[in-house]
Amino acid sequence: MQSRIRCGLLDRSIFRVSIISSSKATNELCYIVISSAAAALDLLRLEAKLANETWCMSASTATVRSSSIDLRLGCIHGKTFKKPRRPYEKERLDAELKLVGEYGLRCKRELWRVQYALSRIRNAARELLTLDEKNPRRIFEGEALLRRMNRYGLLGEGQNKLDYVLALTVENFLERRLQTLVFKSGMAKSIHHARVLIRQRHIRVGRQVVNIPSFMVRVDSAKHIDFSLTSPFGGGRPGRVKRKNQKAAAKKAAGGDGDEDDEE
Amino acid sequence: MTSIVQSPNLEILAREPEGFSIWKGPPFNNGQPAIKLERVSCTVARFSDNGSRLMVTKNNSVISVYDGYSSNEIRSFEIPSLLGAALSPCGTYLQTFQKSTNPQDKNVVLWEIHSGASVYQHFQKNMTKATWPSIQFSSDESVACRLATNEIQFFDSKDFSKGFIYRLRLPGVAAIELSKAPGSYIAAFLPESKGIPASIQIFSSNKDAQTQPIARRSFFRCSTVTMHWNKLSSGLLVVAQSDVDKTNQSYYGESKLNYLTTDGSHEGLVSLRKEGPVHDVQWSYSGLEFAVVYGFMPAKATIFDKKGNPSLELGQGPYNTVRFNPKGRVVCLAGFGNLPGDMAFWDYKEKKLLGTTKAECSVTSEWSPDGRYFMTATTAPRLQIDNGIKIFHHDGSLYFKKMFNKLHQADWKPETPESFSDIDELVTAVNTIKIGDNEKKAQGSKSTETSKIPASIAQKPAAYRPPHAKNADSVKAELFGGIAPATEISKNALRNKKRREKQKEKKAAESGSNASII
């Protein structure tokens, strides 16, 4: 049985080893704490003997090079935003500030992130539109793109053509964030309150508590946004501060003439 | 199928400044209603919910209760400094509210009409729309309850002298709504306070099942709430309104529609596809679907099924009211109030528009209990001129019209819709709607209204398009999903197209022959 070992050096003494066996699609991740690099080498040599693979080690750190190892763990990282070309253009600054205020974003980067995502989608649509109408790639990728846009509520039901994708704006994307939907559905007093509620784990989508204000909500999940069951707003027990105050009040009521020095 | 029991007659109550009178309802002989009860001077006149009793307030301190069928006076009560009165649904009890000066005075009194004795009294400081009537009954009077501070008190409706038999503690409760038929649930509204959101909770009316709410929904941004139970007590529609619109879209505030079911299948917002306030929401008489008119004008109207999914879109238009026909099948969309009064009658089983008409300056509108007539009235405190009653058929043609100098109120006498037979002519008429029907209707009616032919036969004059706009039109049609019109190609273009096709064929033939050679 061939098994591949993926290994990344997290720390001098902790190796993360994940073993993928090719016969089934299981992926086991185990953390092994090893005292010294030498012990690590022994472990790996043992595994290599079982797996018939060759390893080359260097003395100081156990960097393992082999054809089957994926060393990209921790290195997969692409840019998600693009800074604007002109830094101090008055109209752009005003427009961006208006959007940031209206949708309760934390910084300009959150807006640039959405703009970058939109520009990639528009480029894809534009490139597909230059292809011939019957081109299988245009049909396949075009349908996939339109399906994704419909699924996230960015395009309405009647708008099922690639040309409508070119007419999308940043506001369409910003309207589908969980933060705006929580506010619009009346579950928060203001857009900033919505962000606080989401971040403080009061909101769930379906059964999953979602902690991320920029969660893109799908159309069929939009009616399942509700307070989570463990949150005090949704029927759970009161929060830490309220419980403390209630305990103090109960104590005061019960032992009113007793000692109250430890009441701070 | 012969029915032995005669269906009850329809009756109309019309109240003018001098008093009220009851007319025999439609169908009218020779165009005028027969008067059943001559004018009796009064200030307030109202039927009980099942039509068996009529309560009349005369000159501010005497209340008379009449029998609904024979219009004879049953009992009269003398109540000084009376501010309000209400009948219970079956007509057994009468609640009155008197002005009170000190908390010792029990100013809300519950009288039993049959014996004339007062069975229960309590003190209530003031009377608002949400807190009157103080004692709420279910439709069959099996459950009676009252909202007190921080709790809901339940009574034994047969015997009020015991006081309340059990209570449900809800700190901060501001409004309750008992489900009418059957009275097995009660909905309570707790407004927002100090960071805790406002919430609607549904509890069971049984004492034993009252520890946990059956359903709850919390939301912020709400100051008042109107709750609508359906006939089977399985669903509750809640319109939550707030005076300030935090989304900055309207000066008049915002409103949201929530839907809660008692079996827990739906607990949340109804997804409305247009932004704007909820103008009107009504349950159908069967309790299985509801209609909502929503959005900034022109408003959209949609009928939803009991799961909260939209089942029929009734289009957009200047509408802000919706009324379901008690016998099912027909729904009337209307724009009363500040709108010009367009009315559209739809058959929502067949999904067909039956007719449209106009009833300007109407204030109230109601279907007759047998579902054959629709009465709109223009009444005095709201509009001081053009007071009158108009009665329409179920497809929008005018049947009867009467103007008054001043009219305060015009109501049907309530009856249960089951006591009337189904509308046979409606069933046949809907299936045979053609242009022929339109002509017949146009001959029969007197006043000016337009009855529209169903959309499949409607012909609109074609819009003029200048020659240079032809291109843009075809491009637009392609872009927006229409089929490119093949008939608009000019002669030259047609010739060029043929030439190009011939060249293509020639090239294909050549390449084919080349291939065969090679």
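Predicted model: local features only at pLDDT ≥ 70, side-chain atom pairs only at ≥ 80, totals over all residues.

Me: Which helices of chain A do the buried residues of helix 4 pack against?
Reply: The buried residues of helix 4 of chain A are A:Arg138, A:Gly142, A:Leu145, A:Leu146 and A:Met149. They cover an arc of only 95 degrees around the axis, which puts them on the same side of the helix. On the other side, A:Pro136, A:Phe140, A:Glu143 and A:Arg147 are exposed. The buried residues pack against helix 3 (108-130) and helix 5 (162-166) of chain A.

Me: What span does helix 4 of chain A reach from its first C-alpha to its last?
Reply: Helix 4 of chain A runs over residues 136-151, which makes 16 residues. At 1.5 Å a residue the expected figure is 22 Å, and the helix comes close to it. From first C-alpha to last, helix 4 reaches 22 Å.

Me: Which residue has a side-chain oxygen that reaches the backbone nitrogen of A:Arg137 at the start of helix 4 of chain A?
Reply: The two ends of this helix can be taken in turn. Helix 4 of chain A is followed by A:Gly153, whose phi is positive, near 75 degrees. At the start of the helix, the oxygen that comes to within 3.0 Å of the backbone nitrogen of A:Arg137 belongs to A:Asn135.

Me: Is A:Arg195 buried or exposed?
Reply: A:Arg195 is found in helix 8 (residues 191-199) of chain A. Its side chain makes a polar contact with the side chain of A:Gln179 at 3.3 Å, and A:Arg195 is also linked with A:Arg106, A:Glu110 and A:Arg177 in a network of salt bridges. The relative accessible area of A:Arg195 is 18%, and the cut-off for buried is under 20%. A:Arg195 is therefore buried.

Me: How many residues apart are A:Glu96 and A:Arg92?
Reply: A:Glu96 forms a salt bridge with A:Arg92, with the closest N and O atoms 2.9 Å apart. A:Glu96 counts as buried at 5% relative accessibility, and A:Arg92 is buried at 16%. Both lie in helix 2 (residues 90-103) of chain A, where about one helical turn separates them because they are 4 residues apart.

Me: Which residue forms a salt bridge with B:Arg329?
Reply: B:Arg329 lies in the loop between strand 28 (321-324) and strand 29 (330-334) of chain B. Its partner is in strand 30 (residues 342-347) of chain B, so the pair ties together parts that are 18 residues apart in sequence. The closest N and O atoms are 3.2 Å apart, and the partner is B:Asp347.

Me: What area is buried between chain B and chain A?
Reply: The size of an interface is often given as the accessible area lost when the parts come together. The contact takes 21 residues from chain B and 18 residues from chain A. Carbon and sulfur atoms give 54% of the buried area, and that area is about 1,700 Å².

Me: Which residue of chain A forms a salt bridge with B:Arg217?
Reply: Across the interface of chain B and chain A the rule finds 1 salt bridge. The closest N and O atoms of the pair with B:Arg217 are 3.3 Å apart, and the residue of chain A is A:Asp226.

Technical notes
Residues numbered from 1 in each chain as written. Chains lettered and ligands numbered in written order. Heavy atoms only, no water. Expected span 1.5 Å × (residues − 1). Buried < 20%, exposed > 50% of the residue type's maximum accessible area, 1.4 Å probe, protein only. Arc of directions from axis to C-beta. Contact = heavy atoms within 4.5 Å. Polar contact = N/O pair within 3.5 Å; in protein donor to acceptor, adjacent residues only side chain to side chain. Buried area = accessible area lost by both parts, 1.4 Å probe. Salt bridge = Lys/Arg side-chain N within 4 Å of Asp/Glu carboxyl O.
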